[in-house]
Amino acid sequence: MESQIKQKILLGVFIFIAFVYVIRLLTLQIFDESYIRSAQNNVLQEQTIYPARGLLMDRNNDLLVYNDNIYDLFVTPEQVKNLDTNAFCEVIGITKQEFIDRFEKIKRQKGYAIYRPSVFEKQLTMATYARFQEMLFDFQGFDVVVRTDRKYKYKNAAHIMGYIGEVTEKMIENSNGYYRMGDFIGISGVERTYEKELGGVKGVRYVLVDSKSRAQGRYKDGEFDTVAVAGKKINLTIDQKLQELGEQLMQNKIGSVVAIEPSTGEILSMISSPTYDPNLFVGRDRGNHYMELLRDPSKPLFNRPIAAPYPPGSIFKVIMSLIGQQEQVLYPNTAYGCYGGFNSGGLHVGCHAHGSPLPLQGAIAVSCNAYFCHVYRTVVNNPKYRRVEDAYNKLYDHLASFGMGRKLGVDLYGEGTGFVPKATYYDKIYGRNHWQALTTISLGIGQGELGITPLQMANATALVANRGYYITPHIVKSIEGKKNPNPEYNVKHWCTVDTSYFPVVINGMEDVVNHGTAYIAKIPGIAICGKTGTAQNPHGKDHSIFFAFAPKDNPKIAIAVVVENSGFGATWAAPIASLMIEQYLTKKHDTRPYLVERMMKGNLTHKPILNDSTATKTSKH
Amino acid sequence: MTQQQPKPASIDWLVLTLYCVFVIAGLLCIYASVYSETNPDIYDMDKNYGKQLLWIVVSAFLGLLILLVDEKLFYAFAYGFYGITILMLLATFAIGAEIKGSSSWIRIGSFQIQPAEFAKFGTALALAKYLSGYNIDFKNWKVKAISMAIIALPMAIILLQNETGSALVFASFSLVLYREGLPGWLLVVGVLLAVLGVMALLIKPLYIIIGLAVIAIAFLAMVRRTQLLVFLTIGMVIFASAYVSSIDYVFENVMQAHQRTRINVLLGKEVDLKGAGYNVQQSLIAIGSGGPIGKGFLEGTQNKFRFVPEQSTDFIFCTIGEEFGFLGSLLFISLYMLFLWRLMVMAERQRNKFNRIYGYSLVSILFFHFLINIGMTLGLMPVIGIPLPFFSYGGSALLSFTILLFIFIRLDANRVNELKSFD
């Protein structure tokens, strides 16, 4: 029966095919797991919920930084239909050629897909966004996504607050995948050091999407979703009014101001001049503005108060007075004659005309160079120590206890160490045992190799004001209402000089303001203790330096002012410090309008200034 | 004594039940693939499933009508039906509406019908009638030629309409011819030619020709050479070489770009995840992600969210694979095989040659659709757009398969009466 065999053969073919298909299904559905993943990749879209970044306020709850919406324009090429290109270009403000180029660029981007949204234009202006919203229906396939960016209420304190920017590839790598391309992160200042607190925690929402990437619902009713945690609110220690006045006083000058509350170490104001408007780092021109500031020869991005070392000049005499007493080579009634300066062998350090001989308090008041050269000599050539080196190392240790020549540990990015030479430094220059006090005499009056940052100067002032201790200066007062978030900023760091040696020095500093070199800084009714400095430097005119604290008893503010290449300490630095003390203590600064006017109008940047060698280092972010 | 009405008992209830199961399962699959949570109304006439429901009602009505009609009608008017379908096919050239690059549709009101679908049962009737005629012996070459011509005519017209898939379906009639006496070696040669053709697309024709020559020389070296054998072998090599070269020529010069791409993707020569390959890739993902027991009815994300193109028509099997998994797919294939087997048994039990040939035509067409359609969704066959009978969305297909099936059920039902008339 041929036909029966043929029927069997046909049936056999059918069953064979069915068998092949079942085997294929078995491999696809049972053995190969990859299709399950592919299916999830198809439909599961991970949407990031960005938390609001924490707000920044000053010590009096004055809002400094808040968040502002920004509008990014996205395009989904597949959904673009019947686009009136001319109208579109007009709204966005680009030419037709730019439109074409933009699309070409998008197509070349990594991860481009016709059905997936790509960024077409970042950060539309509010006006463009408004116009675009009206016509959104005409521009199918285009969509605006809202993100937040920082907005600064005042133009002040740019260096303190720092700025945020998009994360780099390296940061993404280091974050174990927490950060994604395009996320914002703190790049400098408080934004950087307190990124963890300010940044909050991103949330994730898993959404099912269809083949056109349109959302179709939650994945498993949000079982795997996480909530975004908003960034914490931070109160800075700065006083916005004081900061603003300081920046006005410092305008058109190069230099720094640091004001500290001695009893707490809180930084009341910190000014780096020239400064910049923090709002420059917001919006789509952020990159351009950054490059402009980077190229500016006056280095506005350089955070001088915490990074730039200056020779302290005569203010160093205050420190030497304390150390000299502690080393018992100097007593309040020790008097040295001044014959127009310090002379020893062929060595001569000049001094200005004043009464002579003077005891310690008087010598501080008139800032006698000769006196402090003697002090330095007795400290370093102290016979108590077997070798000069040992005596010098003792001095170094004292200075270190004042916070000089090392990082204090401020909660800001980019703090510098300053520079206090070690004995080995001189060994290298002069050879071991081939140097002594006279070789390095200029240190005694705060010159020579010394480099002290304005923060260190202010900290030393606070230490003197506290009669022997300082609390590490810091910029954050409270986080989300919780005061003193860092326990390390509650510790009193005692210096190696005994409290009993301070009164005579402080009296001398009071005399400086009352009838000494800084008479200009005197404010009736407020006992200010200060010391001027006029630091010679290799870059031009002397730096004008002043440090002071007030009131004398129960001090509320300690301040250090450096105005680069501007002359005597009393000319610029002292009046600025005086006005800021007045502002902080009395909440006004209008009793001496002539002084305010002279300071604010004083323009010291008319000629190109070769900066302090350290100031030419660009600040790295 | 003539009995016009078939007895209910003589209707094959198994086939009828399977038909109902397939159509309803198909409707649910279409519903699942177009489903959206915001609009779950299955009667929505704007949606595919709403329309399909309408077509099912129409089909059921037509099926009932066929069961009530005198079965002699189909025999008597077999050539008439054939002629009408050929005319309809030709009509598409004059009044055809172009849909998706093929001009094979005729628009009637808001519905389109595809004459190519109806040409199948017209051809089945005509072939059955011709071969069941008196003095028709399939061994006769003339009979073979006429049979081929009956099949080739609609096939050619459909090819001209750019409906390659529908045209290929007519190749399934070769199985009928095989059952009716076409020697098996011809089919084997056909399959061999197909394999050679695929090789021609994969490898440079020159290499194949060299390979064939080597095989021929080796063959001649091993056997006792007669002059006839040598000439025969050389002739076969020359023929095969010409065939391979012409396949290559047709591929490069006659075929259209999208057809070339589809073939290349199928053969693995080209990875095109956006075009033809995208369909297959998404189809594999949908089926593969179903796992052993599937994601559940209406839970198939790949189908629901439109990742699989043509999911309610050609790729309807993806819905089964994704939502009902391996078990569902296995059940589907088993039921389909049961259906084919039952129809084959029915065809074999016909005493009437016309009935049997028609039955085999039906089985062959249904098998061919199964072979290509499921093979395509599993990535084993080229992406040729032909529907899965009774499942895929499409009025013309459902109607034509219903007519095709119900005519056979009607013919089979009369078998009892025929026996009685012999009494």
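Reader: Where do I find Lys299(A)?

Author: Lys299(A) sits in the loop between α11 and α12 (304-307) of chain A. Helices (H or I, at least four residues) and strands (E, at least two) are DSSP runs, numbered from the N terminus. This is a predicted model: local features need pLDDT of at least 70, side-chain atom pairs count only at pLDDT 80 or more, and totals for chains, interfaces and linings use all residues. Residues are numbered from 1 along each chain as its sequence is written, while chains are lettered from A and ligands numbered from 1 in the order in which they are written.

Reader: OK. What's phi of Lys299(A)?

Author: Phi is near 55° there, a positive value in a residue other than glycine. Most residues other than glycine have a negative phi.

Reader: And is Lys299(A) buried or exposed?

Author: Lys299(A) is buried, with 21 other C-beta atoms within 10 Å. The cut-offs, with C-beta atoms placed from the backbone: 20 or more other C-beta atoms within 10 Å of a residue's own is buried, 12 or fewer is exposed, and in between is partly exposed.

Reader: How about Asn484(A), what's phi there?

Author: Near 45°, again positive in a residue other than glycine. Asn484(A) belongs to the loop between β17 (482-483) and β18 (492-494) of chain A. Asn484(A) counts as partly exposed, because 15 other C-beta atoms lie within 10 Å.

Reader: Switching to sheets. What's the strand order in the open sheet of 5 strands?

Author: The order is β12-β11-β21-β20-β19 in chain A, and the pairing is antiparallel. Two strands pair if DSSP finds at least two bridges between them. At the edges are β12 (266-273) and β19 (529-537) of chain A, each pairing on one side only. From one strand to the next, the twist averages 10°.

Reader: Which helices pack on or lie across it?

Author: Helix α10 (residues 240-249) of chain A packs on the sheet, touching β11 and β12 of chain A, and its direction makes about 25° with that of β12(A). Axes are lines fitted to C-alpha atoms, for helices over the stretch in contact, and angles run from 0 to 180 degrees between N-to-C directions. Contact is when the C-beta atoms of two residues, placed from the backbone, lie within 7 Å. Helix α20 (residues 573-586) of chain A lies across β11, β12, β19, β20 (540-550) and β21 of chain A, at about 150° to β21(A).

Reader: Tell me about β11(A). How many of its residues are buried?

Author: 7 of the 7, so β11(A) is largely enclosed by the rest of the structure. Both of its faces are covered: Gly255(A), Val257(A), Ala259(A) and Glu261(A) are on one side, with Ser256(A), Val258(A) and Ile260(A) on the other.

Reader: How many bridges between β11 and β21 of chain A?

Author: Strand β11 (residues 255-261) pairs with β21 (residues 557-563) over 6 bridges, antiparallel, both in chain A. In β21(A), Ala558(A) is opposite Ile260(A), and Ala560(A) is the bridge partner of Val258(A). With β12(A), β11(A) has 7 antiparallel bridges, and Val258(A) has Met270(A) as its bridge partner there. β11(A) and β12(A) form a hairpin with 4 residues between them, and Gly265(A) in the turn has a positive phi of about 80°.

Reader: Last topic, the two chains. How many residues are in contact?

Author: 32 residues of chain B are in contact with 29 residues of chain A. On the chain B side, α15(B) gives the most, with 11 residues. That side divides into 20 nonpolar, 9 polar and 3 charged residues. Here Ala, Val, Leu, Ile, Met, Phe, Trp, Tyr, Cys and Pro count as nonpolar, Asp, Glu, Lys and Arg as charged, and the others, Gly among them, as polar.
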